[in-house]
Amino acid sequence: MNPHPARIHALSFDVEEHFQVAAFWSEDRRRGWDQYESRVERNVDKILSLLSRQGIHATFFVLGWVAFKHPKLVEAIAGAGHEIASHGFGHEMITSQQPGQFREDVRKSKQILESIIGKPIHGYRAPSFTITPRTQWALPILVEEGYLYDSSIFPVQHDRYGMPGANPWCHQIETASGPLWEVPPSTIQMGPVRLPIAGGGYFRLYPYPILRGLLNRAAAQGHPLVMYLHPWELDPDQPRMEGSLVSRFRHYLNLGKTEARLHQLVKDFRFAPLRQAVEAVGKACASKEALQVDLSSGMRRCLVSESRNG
């Protein structure tokens, strides 16, 4: 059982198609995205139904490409009371981009999402968490493009991403262009190794009782958990793609168990959108929105209401 039932944790979903994952990336596959079967709507609907039954709201980091193709899906997510954030536009890893390409990608995604929901987009998560030691140049660009928080720095060792030794808790980064809140996915220190426990493939890899124990141990340190999943992880019948043995293992492992595990997870822990679960981020977003409303009205008054804290 969860020893901290009153604490609110952050639940998030990276909304992308099953054929867009980095594990199977190739330029040929990228050019053929329009020819693949779209399954994102049915998978997100499954998540929305599950969350609705439990009375839970979450943060959805939506890929701009998906939002452009399925604007009604974004409207449905926002209409159900969930937070919309950006996953970039084309799901290209930042490690393969130049600064100008990255700026165009995050700007395009933000504009598409904001045009659909009519509200500012404050959060960003990089495809495959690829803000790494050599792509930290992306952080000031996010500030310049109007983002207030990022959830891309994974303080672990991995072959494609990760920043070992990075601060594992929510913290503010002072970039050359101003402050940016960083909200890393959850990890736990096990001896000399920091172990990822936030979700995704790790959610499918660990037997759930073991994962729950690790999550409780992490939660006991006083910080909200920051969990993530992908809609395609609740779709065991998705078409199989060709790739390396490692890629196929990571992508297809235990897909048939994800939905049941997610159902148990939201019973064991209290969840909310990221900006609600993380007090500092919620206050920053509320302050920015209040300032925008204040400036547009020409009035000088405080419009920030008391933010809820987990």
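Buried means under 20% relative accessible area. The model shown in these views is predicted.

**View 1. Phe13 and Phe60 form a stacked aromatic pair.** The structure holds 13 aromatic pairs. In this one, the ring centres of Phe13 and Phe60 are 5.1 Å apart, and the planes meet at 25°. That angle is under 30 degrees, so the pair counts as stacked. Phe13 belongs to strand 1 (residues 8–15) and Phe60 to strand 2 (residues 59–62), so the pair ties together parts 47 residues apart in sequence. Phe13 is buried, at 0% relative accessibility. Phe60 is buried too, with a relative accessible area of 0%.

**View 2. Phe154 and Tyr228 pair edge-to-face.** Centre to centre, the rings of Phe154 and Tyr228 are 6.3 Å apart, with 80° between the planes. Phe154 sits in the loop between strand 5 (149–150) and strand 6 (171–175). Tyr228 is in strand 10, and the pair links parts of the chain 74 residues apart. Both Phe154 and Tyr228 are buried.

**View 3. Four aromatic residues cluster, and a charge sits over one ring of Trp33.** Ring pairs join Phe19, Trp33, Tyr36 and Trp65. The charged end of Arg30 lies over the Trp33 ring, 3.8 Å from its centre.

**View 4. Lys108 lies over the face of Phe89.** The distance to the ring centre of Phe89 is 4.0 Å.

**View 5. His230 is a buried loop residue.** The loop runs between strand 10 (226–229) and helix 9 (245–252). His230 has a relative accessible area of 12%, under the 20% cut-off, so it counts as buried. Beyond neighbours within four places in sequence, His230 is in contact with Asp14 and Glu16.

Notes
Residues numbered from 1 in each chain as written. Predicted model: local features only at pLDDT ≥ 70, side-chain atom pairs only at ≥ 80, totals over all residues. Heavy atoms only, no water. Helix = DSSP H or I, 4+ residues; strand = E, 2+ residues; numbered from the N terminus. Buried < 20%, exposed > 50% of the residue type's maximum accessible area, 1.4 Å probe, protein only. Contact = heavy atoms within 4.5 Å. Phe/Tyr/Trp six-rings, centres within 6.5 Å; stacked < 30°, edge-to-face > 60°. Lys NZ or Arg CZ within 6 Å of the ring centre and 35° of its normal.
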